Structures are given as C-alpha cells and as structure tokens.
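I'm opening my notebook on this one. I'll start with a sheet, then move on to the ligand.

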Amino acid sequence: MSLLVFDVITIFPRFFEGPLSFGIVNQAQKKGTIGIQIHDLREFTTDRHKTVDDRPFGGGEGMVLKPEPIFEAVERIYSRQLRREGRVILLTPQGRRLSQQIAKDLSTFRQITLICGRYEGVDERVAEFLVDEEISIGDYVLSGGELAACVLIDSVTRLIPGVLNNERSRVNESFGGTSEDVGSPTPSLVLDFPQYTRPESFAGHRVPEPLLSGNHEKIRLWRRRKALEKTLKNRPDLLQYASLSEPDRRLLNDSLE
Ligand code: 6GU
C-alpha cells in the first residue's frame with residue numbers, strides 16, 4: 001500500500017512521462033511508497049468537442065479553464081476514497097508560495113490531488129468552492145501548473161519516511177533543518193556548505209585546505225562559516241542575524257573582517 005498517492009488533473013497528461021520517471025521519484029513509485037495517477041481533464045468533459053476552456057466574462061485576453069470538468073474529475077477521484085483523508089490543491093501563481101515547511105506538512109497526507117492551472121486562468125469557483133488551498137512555486141509566471149506539480153511532487157516525496165536511504169542528508173540540506181540542529185534556539189535558515197571532490201587541484205584551483213586536514217572540528221567550523229557566508233551573499237533575506245547563535249555570529253564576523 002502506498003503511503004501517499006498523488007492524483008494529478010491536467011490537460012497535458014503526457015507532460016508527466018519524463019519528469020516523474022527519474023531518480024528518487026521514480027524509485028519511490030517502483031517501491032510502492034508513492035503512487036502517481038495522471039487524469040486527463042478532457043475525459044471529464046461531456047460535450048462532443050471535449051471543451052475544457054472558455055472566454056472570460058467581462059472580456060480580456062486568453063481563455064479560462066471551465067469549472068465543470070475540474071469539479072467532475074475531483075468528484076470521480078473521491079468516489080474511490082475519502083476526501084477528508086486527502087488534500088486538494090490548485091497550482092496557480094496566485095497561490096501561497098511553496099516552502100520546505102509546506103512540503104513537510106503535505107508529506108503527512110495519505111492522498112493529494114493536484115489541479116494544474118493553464119491558459120490565462122481557472123474559473124475562480126474552483127479556488128473558492130473546490131480546493132483546500134492554492135499553491136505557487138515562486139514569484140515568476142509559468143505557462144501552466146504542470147511544472148509546478150512536478151516540483152511539489154518531488155519536494156514532498158523526498159520527505160516521506162524511507163524514501164531517502166540517508167535520513168541525515170535531509171537535515172543537513174539547505175532548508176532541511178533549523179539552526180536547532182547546530183545548537184541555536186531560534187530557527188534561522190542557512191544554505192548548504194560548499195562541497196568538493198577530486199581532483200585536489202583543478203585548472204589551478206585547489207580544494208580548500210581545511211577539507212584536506214583530517215581535523216573534524218576544523219572542517220565543521222569551516223563548513224559552517226562557508227554556509228553562513230554563502231547565505232549572506234546569495235540569500236540575505238534568510239539570515240536573521242539577530243537570531244544566530246553566538247558562535248555563528250562570531251564566525252560570520254570573522255569573515256566580514
Ligand atoms: Cl503553480 N503556476 C503557474 N502557471 N505559474 C507559476 C506557478 C504555478 N508557480 C509559480 N509560477
């Protein structure tokens with residue numbers, strides 16, 4: 001029995017043949033940890049032309065996805081299982097932005113329905129009366145929710161117990177843990193430290209000395225400092241300087257000097 005089943009409603013069912021057939025998500029499906037069922041929205045239409053969209057009331061550019069096929073598809077999905085054990089999500093740029101915390105919360109559900117928005121929009125009655133929440137994957141516009149659905153499935157799947165062989169690797173990752181893991185009381189997100197592998201010297205660029213030292217405390221401090229520096233440089237919005245631990249603040253101060 002799958003721990004989590006994703007039901008995806010889309011007008012491009014074949015879109016998902018590639019993205020979900022590799023790596024962790026593919027393995028999780030093969031092991032049966034997750035199930036992914038793709039539903040073609042057109043199969044839930046009732047007219048001869050299988051119409052899924054129509055012109056917007058009030059005028060304007062583009063087409064809007066009609067409500068009836070979407071409501072019908074969701075109804076069909078929950079004729080086989082209990083709606084209250086699942087979560088219905090509309091993928092739209094107007095949604096709440098996906099975060100590691102939201103992915104964690106979603107990984108506790110037994111079933112998730114993902115409705116992929118398309119065209120210029122989705123009839124608002126879907127957001128208002130059908131779904132539990134609207135989710136976006138970031139502040140940019142995609143042509144549709146299909147890519148976003150793949151992103152959500154990937155980020156949620158890796159958090160299901162047993163999917164990753166290495167349970168620690170999730171905690172060490174950027175966004176995976178809080179500063180709790182390194183001894184500070186307030187959650188403060190810090191990006192991953194930089195990684196190196198062989199060769200020791202590539203095109204004249206050497207692997208940083210501390211990593212070759214074999215001194216575990218030295219390596220730990222170097223990695224923490226580099227992670228803090230990288231975060232300050234690329235994602236200063238994540239660093240709550242005030243809530244960093246005293247050792248972290250000292251490390252960061254050292255590199256600012
Ligand atoms: Cl979920 N959909 C679309 N169309 N664009 C997006 C998005 C979703 N998230 C970010 N941009």
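In what order do the 3 strands of the open sheet come? I found β3-β4-β7, with mixed pairing. For my own reference, strands are DSSP runs of E with at least two residues, numbered from the N terminus, and two of them pair if DSSP finds at least two bridges between them.

Before going on, I noted that this is a predicted model, where local features need pLDDT of at least 70, side-chain atom pairs count only at pLDDT 80 or more, and totals for chains, interfaces and linings use all residues. Residues are numbered from 1 along each chain as its sequence is written, and side-chain values use heavy atoms, with hydrogens and water left out.

β4 (residues 64–65) runs parallel to β7, paired over 2 bridges. There, I saw Val64 opposite Gly121 of β7.

Then I turned to the ligand. Which residues surround the ligand? Among them are Leu91, Thr92, Pro93, Tyr140 and Ala148 (a heavy atom within 4 Å counts as near). β5 (86–97) gives the largest share of this shell, 3 residues, and β8 (133–136) supplies at least two.

I also looked up polar contacts (N or O atom pairs within 3.5 Å). A ligand nitrogen lies 2.9 Å from a backbone N or O atom of Ile137. For a polar side-chain atom of Ser136, the distance to a ligand nitrogen is 3.3 Å. Leu142 has a polar backbone atom 3.0 Å from a ligand nitrogen.

Methods
Helix = DSSP H or I, 4+ residues; strand = E, 2+ residues; numbered from the N terminus. Polar contact = N/O pair within 3.5 Å; in protein donor to acceptor, adjacent residues only side chain to side chain.
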